[in-house]
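Take a look at the protein below. Keep the sequence beside you as you read.

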Amino acid sequence: MGRYHIQVATGAWLFSGSFNHVQLWLVGELGEAELELQLRPTWGQVEAFEQDISQDLGPLQFVKLRKHHSLVDDAWFCDRITVQGPGAFQEAAFPCYRWVQGEGVLTLPEGTARLAEESTLDEFQKHRERELKERQLIYCWSTWKEGLPLTIAADSEKDLPPDMKFHGGKRLNYEWTEKTGLLEMILKRVYTLLNSWDSLEDFDQIFWGPKSTLCEKVHQRWQDDELFGYQFLMAPNPMLLRRSTSLPSRLVLPSGMEELRAQLEKELQNGSLFEADFILLDGIPANVIQGEKQYLAAPLVMLKMEPRGKLLPMVIQIQPPNASYPTPPLFLPSDPPLAWLLAKSWVRNSDFQLQLFQYHVLNTHMLAEVIAVATMRCLPGLHPVFKLLIPHRRYTMDINIRGRTHFDSDSGLFSQAMNTGGGPHVQLMRRAMAKLTYRSLCPPEDLADRGLLGIPSALYAHDALRLWEIIARYVEGIIHLFYHKDDVVRGDCELQAWCREITEVGLCQAQDRGFPVSFQSRAQLCHFLTMCIFRCTAQHAAVNFSQHDWFFWVPNAPCTMRMPPPTTKEDVTMATVMGSLPDVRQSCLQMLLMRQLGRQQPDMVPLGYHTEEYFSGPEPKAILRQFQADLDNLEREIVARNEQLDIPYEYLKPSCIENSVAI
């Protein structure tokens, strides 16, 4: 006979508890015993009890549980179960972290991570196989749009598996914020009904509501060339700028611009010439909003880096040359102020489109969903890579389905406010998908390819590299616990299936763009996992949480353009500028979107600080603590640096990075 001490932890989420009774069994190497006590779980509580068991169970392998219900199936979110056996038996942990529904028996294996070849006990191997078979029926692939990554098969968030949905508090907060934002938009529209809308100052009429200090600075300084250049390095889209290695072929310099050519070539020779080319937008048809045609351009902007780190624009070409217009006009800082301002507005509009659909939606949200679905389909809960990645999939499928619903809606804010909405956004993302490479997702390679290493004023680049190094050390620490040599990596059938599922299935045969179809070494595996975690955390934070600061003041990043690009400079008037920028309704919709996307979430989990304990044993926990310590050190470095800056760069401060793509 032996006495067992059992603790059952229920989630702290709203509605996590249950009025239904829960029955438990302990399963050991030598036998199985049903526990006499039936629980009624309470949310946020850890319920402890003891029971004497007459038979010798041996080392515990599983806990089985069943939730009984009479009239109502009241779902229960079980965090974990821990059991302390008699005598010298160590405490055994059985992580769950999922919703328990229905009356079926749920089997939780002991939490020690194991590779398939280490599951020597037949029961563990059977559990792995049974779990994957069940998950592959639940987590199915679907095609949202041809030519884009696959998604989870669900028509709405209601169709998702319960474990992938927003928890109760998150859902209520998200939907309440949508409603209050809509009310704010209506109030702004009513306020402006009888007022004029014919000067830039009129945008102040709707520039109210919660705003950050940086948002106010953008409002005050958005017309400055210095702030215009700064945004290519440290605003929501730091992913397009590259150092020039030659003058772009599309930059046609007509006669009379010999001085400009000389200036460009001088900067080129000094290594201080940079470019941002929006050619991906060329030829994409623009949206039609309420019967009015909108307009798109594919600008090129050339910039110079001054010795003190300021990035300043030198010339803007709004459209590339074509057969009917072989020499498009070039706009210069010395042009009439309104002409130069309008040219910059066209650049900012194009940046808005690429930031949202290429670098945000495609390269973080959709990629994170591919990783999440493949993980659920190919890796059992006992696999160390599953345990490593699973905290970084929280809420991703739910927020992505809500986003796709908005994208597809003819009456949604994307279709009603953006010049790429209503269909052109799909063409844009298809083009971006065709150019998506594995290297472009990894900061060390991407920043080197774009010539942005070693620039003191490029704070996104600096912080991204530091975070990549910290995440890489964490990943290596975990992986080296379980893969002692490269042969073990090559022989892990579950891991290799996961790799193929991502590259060949989720990313639609992306191996020709550098994505692996197998892992041949520990180093290759660690690099890929570092990319996965970085994309789902740091990169998403950089492109998402910066949006409210930089895009809430609409003239700085107009969501649409309502007139064609100018072909002459002298004819640009304030009426031209205001006729090109978004109208009141479109501006209010843009501000509503930025409010929803850019705000910090009330249940935000910072990078590395998830409370779920998927791993058992002291070694993985020690590695996680070191990861947290490294993040805390970086936090202090960034805080000290930012105190010296006019515009602090905070989006990659670890405390500001959410642990998953959750908004």
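The model is predicted.

**Helix α2**

- Helix α2 runs over residues 168–192 and has 25 residues.
- At 1.5 Å a residue, helix α2 should span 36 Å. Its end C-alpha atoms are 37 Å apart, so the model agrees with that expectation.
- Which residues of α2 are buried? They are G168, K170, Y174, T177, G181, E184, M185, K188 and T192.

**The largest pocket**

- A water-sized probe, rolled over the atoms, shows where empty space is left.
- The largest pocket has a volume of about 850 Å³.
- How many residues line the largest pocket? There are 33, and R98, L106, E131, R135 and D163 lie nearest its centre.
- Sorted by class, the lining of the largest pocket holds 18 nonpolar, six polar and nine charged residues.

**Positions from the UniProt record**

- The unreviewed UniProt entry places the feature "binding site" at G17, D74 and A75.
- These positions are spread over 59 residues of sequence, yet they cluster in space. The largest C-alpha distance among them is 8.3 Å.
- Where is D74 found? D74 is in the loop between β5 (60–68) and β6 (76–84).
- Set aside the neighbours of D74 within four places in sequence. D74 is then in contact with G17, S18, F19, N20 and K67.
- One of these contacts, G17, is itself a position with the "binding site" feature in the record.

**Two positive phi angles**

- Most residues other than glycine have a negative phi.
- Y395 is not a glycine, but has a positive phi of about 70°. Y395 has its place in the loop between α7 and α8.
- Is Y395 buried or exposed? Y395 has a relative accessible area of 3%. Buried means under 20%, so Y395 is buried.
- Q509 is not a glycine either, and has a positive phi of about 60°. Q509 has its place in the loop between α14 (493–506) and α15 (522–544).
- The relative accessibility of Q509 is 44%. That value lies between the 20% and 50% cut-offs, so Q509 counts as partly exposed.

Conventions: Residues numbered from 1 in each chain as written. Predicted model: local features only at pLDDT ≥ 70, side-chain atom pairs only at ≥ 80, totals over all residues. Heavy atoms only, no water. Helix = DSSP H or I, 4+ residues; strand = E, 2+ residues; numbered from the N terminus. Expected span 1.5 Å × (residues − 1). Buried < 20%, exposed > 50% of the residue type's maximum accessible area, 1.4 Å probe, protein only. 1 Å grid on protein atoms, 1.4 Å probe; cavity = no way out; pocket = protein on both sides within 12 Å on 5 of 7 lines; lining within 4 Å. Points joined across faces, edges and corners; volume = space filled by probe spheres on them. Nonpolar A, V, L, I, M, F, W, Y, C, P; charged D, E, K, R; others polar. UniProt positions renumbered as here; feature names shortened; annotations may be inferred. Contact = heavy atoms within 4.5 Å.
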